[in-house]
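This briefing is meant for a reader who is meeting the structure for the first time. It begins with the overall layout and then takes up individual parts by topic.

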Amino acid sequence: MRLLLLRHAQTDWNLTQRVQGATDVHLNQTGIKQAHTLANALAHIKLSLVASSDLARAVATADAVHGRQQQPRDAVPRRHDERLREMNFGHLEGHAVAPPDAEHHALYQRTLQAWAS
């Protein structure tokens, strides 16, 4: 068995380096194009399941991949699972995590370090 882990395509919050976490942010126009490019690249790979979180950015990316499969759509199960959501960053969500927002950047770094340990 081979497991492919894919990140969702681009959102406006990715561009502005804002924490998305559990906030439901949709793909932007570039992200939609990226999702279709990814779907085309994976079209020849026979998948046995396409699963994603239930957040819009992950759903749109995974739906594009699922829709381009060269086998019948009903042959490839499609699942949405809230347990696959990105972690919730609480009050950091929506804030930029790169300088010049030094306060949120430092808090974000401490949060990631605490999670990793």
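Read along the sequence, the protein chain follows the pattern α-α-β-α-β-α, where helices (H or I, at least four residues) and strands (E, at least two) are DSSP runs numbered from the N terminus. This is a predicted model, in which local features need pLDDT of at least 70 and side-chain atom pairs count only at pLDDT 80 or more, while totals for chains, interfaces and linings use all residues. Residues are numbered from 1 along each chain as its sequence is written, and side-chain values use heavy atoms, with hydrogens and water left out.

**The chain as a whole**

- The protein chain has four helices and two strands, and its C-alpha trace spans about 50 × 30 × 20 Å along its principal axes.
- Of the 117 residues of the protein chain, 37% count as buried, a word that stands for under 20% relative accessible area, with exposed meaning over 50% and partly exposed in between (1.4 Å probe, protein chains only).
- Among the contacts in the protein chain with a separation of 6 or more, 62% are accounted for by residues 24 or more positions apart, a contact being heavy atoms within 4.5 Å.

- Helix α2 covers residues 29-42, which makes 14 residues, and reaches 20 Å from its first C-alpha to its last, close to the 20 Å expected at 1.5 Å a residue; the expected span is 1.5 Å times one less than the number of residues.
- The buried residues in α2 are Gly-31, Ala-35, Ala-39 and Leu-42, and they lie on the same side of α2 because they cover an arc of only 80 degrees around the axis, taken from the directions from the helix axis to the C-beta atoms.
- The exposed residues Gln-29, Lys-33 and Thr-37 sit on the face of α2 turned away from its buried side, whereas what covers the buried residues of α2 includes α3 (56-67).

**The loop between α1 and α2**

- Asn-28 lies in the loop between α1 (12-15) and α2 and is buried, with a relative accessible area of 9%.
- At the start of α2, a side-chain oxygen of Asn-28 reaches to within 3.2 Å of the backbone nitrogen of Thr-30.
- Gln-20 also has its place in the loop between α1 and α2, and Gln-20 is buried, with a relative accessible area of 3%.
- The side chains of Gln-20 and Thr-11 are joined by a polar contact of 2.6 Å, that is, a pair of N or O atoms within 3.5 Å of which, within protein, one must be able to donate a hydrogen and the other to accept it, and for which residues adjacent in sequence count only if both atoms are side-chain atoms.

**Arg-79 in strand β2**

- Arg-79 lies in strand β2 (residues 78-80) and is partly exposed, with a relative accessible area of 47%.
- Although Arg-79 and Ser-52 are 27 residues apart in sequence, they are 6.4 Å apart in space, C-alpha to C-alpha.
- Not counting residues up to four places away in sequence, Arg-79 touches Leu-49, Val-50, Ala-51 and Ser-52.
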